[in-house]
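Welcome! Take a moment to look it over, and then read on.

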Amino acid sequence: MSTDGSDVASPLNRLSWLRSSHSFLNAIILSEKTRWLVSNAGQQLVSVPSSAPSTKPVIAQLTTEQIKPYLGPAPFFGQGKEEGRTLISDEETHFTESARFRGVRVVFLGLLDALSTENALPTSDFTDPEVAIKKLEGTPYFAVDIGESGVDSDLLLSVDGNFTLSWAEPRGLLMTLHLDPVSLSLFNEARSMVDWNQRNKFCPACGSPTYSGWGGWKINCKTLLPWADNTGRTPCPTSRGLHNFAHPRTDPVVITITVDETGEKILLGRGKKYPGKFYSALAGFMEPGETFEESVVRELWEEAGVKVSEVSYHSGQPWPFPANLMVGFYARADSTQPIRTDLDNELADAGWYTRAEVLAVLNHVHGSRITKSDQQKMKEAIEGAPSSSEPAAGPVKEAPAVDEPPFRVPPTTAIAGVLIRDWAFGNIKFPVRTYGQSVKKGNL
């Protein structure tokens, strides 16, 4: 994750203007260069070299030939009424562009090419897909979850003798592995889009089944297919407007490090259902009708009873569980005012921590370590599953175990960890403020 703007742009060319072309998608999916990110009921396929089984796993990338048994019959996009053929002229409508209503849903992620937009395949030049694909530089990427394919997922684990394949919990991958920018970008996009497709199998307007279009980027109601029998039915409301009842979701979450009037303390909190001794930035979902700044002010008040001002953006991070955009901020507040955790009752504890206290944790070997047990507890907290060891309320920093830090903070794979470190190591400086008097905003 970038904090200096050096890698702000994703390295992937998504070719969004070609998603509606089933001829393009059917051609590129069969390219020998094409690679797949594969999941199974949410678990991510990872690989390690067979010759080095102790190596840290990486996200597996399979060929189309390896994944074909799970995709169903061709054509893969622009499927016509009868199985085994593409759309004919009287079936082509806005509702059948790159339609896929047979087999598991598939997402076209984009093209990784060194030339970036210079090799962009503009619509005006795209006449013969076979010729265009042969000229294409780079690696096309797709994503699929095979959990509902009807084909044994374990058969996939033996498709490549050079690598050992296995299924991994995806949150653990992001929290424990330092993925390269390309793998991280691919994973974030794949996870969010596959999950969105799986969650929208029925039309919210009329309750009918849905199908995928535009290479997984559009979802339509099956009553809109030209051959659908809608006798006696009221036309589905999604037949008007954008012809897509829901765009792929992005749910903003504000994550805030609040700095005191001296610039030498920050506010950290511990969630009730999160592992003991784990303290982090305060965060919450943005609500309709709010700006980012207003969301920060509301969340800090609701969670800790703290009035903040001087809200300043730091950086963002996609978090595909299922489709969050974590938006990092700093804010200022008066540390002499009381902290309250009894408003929304989400925190077990919150308090002000000095730079020395935070640096002691960051410099400890276990200060930002997230164990598999911690990951499981976090997953249970987020997904609502019961946790077997819910921590007690109240501070925990004053009684550390032997060789343990007084508390722990997130690693740099999470934006909260980046925010904490940037403040602790002086990368972001804060002038002394005198509260109770007028202060100028935007001088963080």
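Which residue of strand 10 is the bridge partner of Val259? That partner is Ile266. Please keep in mind that this is a predicted model.

**Strand 10 and its partners**

- Strand 10 covers residues 265–271 and is mostly covered, with six of its seven residues buried.
- Strand 9, made of residues 251–259, runs antiparallel to strand 10, and two bridges join them.
- Strands 9 and 10 form a hairpin with five residues between the strands. In this hairpin, Gly263 takes a positive phi near 85°.
- Strand 10 is also joined to strand 14 (residues 347–354) by seven bridges, and these two strands run antiparallel.

- Helix 6 spans residues 292–304, and Arg298 lies within it.
- Is Arg298 buried or exposed? Arg298 counts as buried because its relative accessibility is 13%, and the cut-off for buried is under 20%.
- The side chains of Arg298 and Glu299 make a polar contact at 3.0 Å.
- Leaving aside residues up to four places away in sequence, Arg298 touches Phe285, Met286, Glu287 and Glu290.

Technical notes: Residues numbered from 1 in each chain as written. Predicted model: local features only at pLDDT ≥ 70, side-chain atom pairs only at ≥ 80, totals over all residues. Heavy atoms only, no water. Helix = DSSP H or I, 4+ residues; strand = E, 2+ residues; numbered from the N terminus. Buried < 20%, exposed > 50% of the residue type's maximum accessible area, 1.4 Å probe, protein only. Polar contact = N/O pair within 3.5 Å; in protein donor to acceptor, adjacent residues only side chain to side chain. Contact = heavy atoms within 4.5 Å. Pairing = 2+ DSSP bridges.
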